Amino acid sequence: MSKMTLFNVNDKLKAGEMIVTSGLGGIYLPGIEIGKVKEVKIDNLGLNQTAYIEPFIVE
């Protein structure tokens with residue numbers, strides 16, 4: 001399982017949502033499916049949230 005840290009707790013992620021690339025960084029094309037959100041946790045201070053992602057491809 002992979003971990004993705006988000007710095008804005010207002011970004012509402014839910015279990016089952018698909019994670020795809022945005023293409024904004026210029027490295028990956030937009031729309032590449034990465035995986036599905038398995039669990040989302042907000043840190044103790046309520047400032048960051050961590051999404052645990054089940055990747056579609058495992059190396």
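Q: Where do I start: how many helices and strands does the chain have?
A: Start with the overall layout. This predicted model has zero helices and four strands. Going from the N terminus, the elements run β-β-β-β.

Q: And what box do the C-alpha atoms fill?
A: Along the principal axes, they fill a box of roughly 35 × 25 × 20 Å. The accessible surface of the chain is about 4,700 Å², and 56% of that belongs to carbon and sulfur atoms.

Q: Which strand has the lowest mean pLDDT, and which the highest?
A: The idea first: where pLDDT is low, predicted coordinates should not be read in detail. Here the chain averages 88, and 97% of the residues score at least 70. Among the elements, strand β1 (residues 2-6) has the lowest mean, 81, while strand β2 (residues 18-20) has the highest, 93.

Q: What share of the residues counts as buried?
A: Buried means under 20% relative accessible area. In this chain of 59 residues, 17% pass that test. Thr50 is one case: its relative accessibility is 17%, so it counts as buried.

Q: Where does Thr50 lie, and what is it in contact with?
A: Thr50 lies in strand β4. Setting aside neighbours within four places in sequence, Thr50 is in contact with Lys3, Met4, Thr5, Glu39, Val40 and Lys41.

Q: Is Gln49 buried or exposed?
A: Gln49 counts as buried because its relative accessibility is 4%. You'll find Gln49 in strand β4, which covers residues 49-55. Leaving out residues up to four places away in sequence, Gln49 touches Met4, Thr5, Leu6, Asn8, Val9, Asp11, Val40, Lys41 and Ile42.

Q: Which backbone oxygen lies 2.4 Å from a polar atom of the Gln49 side chain?
A: That's the backbone oxygen of Asp11.

Q: How many salt bridges does the structure hold?
A: For a salt bridge, look for a side-chain nitrogen of Lys or Arg within 4 Å of a carboxyl oxygen of Asp or Glu. This structure holds one. Lys41 forms it with Glu39, and the closest N and O atoms are 3.8 Å apart.

Q: Are those two partners buried, partly exposed or exposed?
A: Lys41 counts as partly exposed because its relative accessibility is 42%. Glu39 is partly exposed too, with a relative accessible area of 37%.

Q: Which residues make the nonpolar surface patch?
A: To join a patch, a residue needs over 30% relative accessible area and no salt bridge. Here Ile27, Tyr28, Leu29, Ile32 and Ile34 make a nonpolar patch of about 560 Å². Take Ile34: it's partly exposed, with a relative accessible area of 37%. Ile34 sits in strand β3, which covers residues 33-42.

Q: Where is Ile57, and is it buried or exposed?
A: Ile57 is in the segment after β4. It counts as exposed because its relative accessibility is 71%.

Definitions and conventions:
Residues are numbered from 1 along each chain as its sequence is written. This is a predicted model: local features need pLDDT of at least 70, side-chain atom pairs count only at pLDDT 80 or more; totals for chains, interfaces and linings use all residues. Side-chain values use heavy atoms; hydrogens and water are left out. Patches are made of residues with over 30% relative accessible area and no salt bridge: like charges are joined within 9 Å, nonpolar side chains (Val, Leu, Ile, Met, Phe, Trp, Tyr) within 5 Å. Accessible areas come from the Shrake-Rupley method with a 1.4 Å probe; for residues, only the protein chains shown count as cover. Helices (H or I, at least four residues) and strands (E, at least two) are DSSP runs, numbered from the N terminus. Buried means under 20% relative accessible area, exposed over 50%, partly exposed in between (1.4 Å probe, protein chains only). A polar contact is a pair of N or O atoms within 3.5 Å; within protein, one must be able to donate a hydrogen and the other to accept it, and residues adjacent in sequence count only if both atoms are side-chain atoms. Contact means heavy atoms within 4.5 Å. pLDDT is the predictor's confidence in each residue, from 0 to 100.
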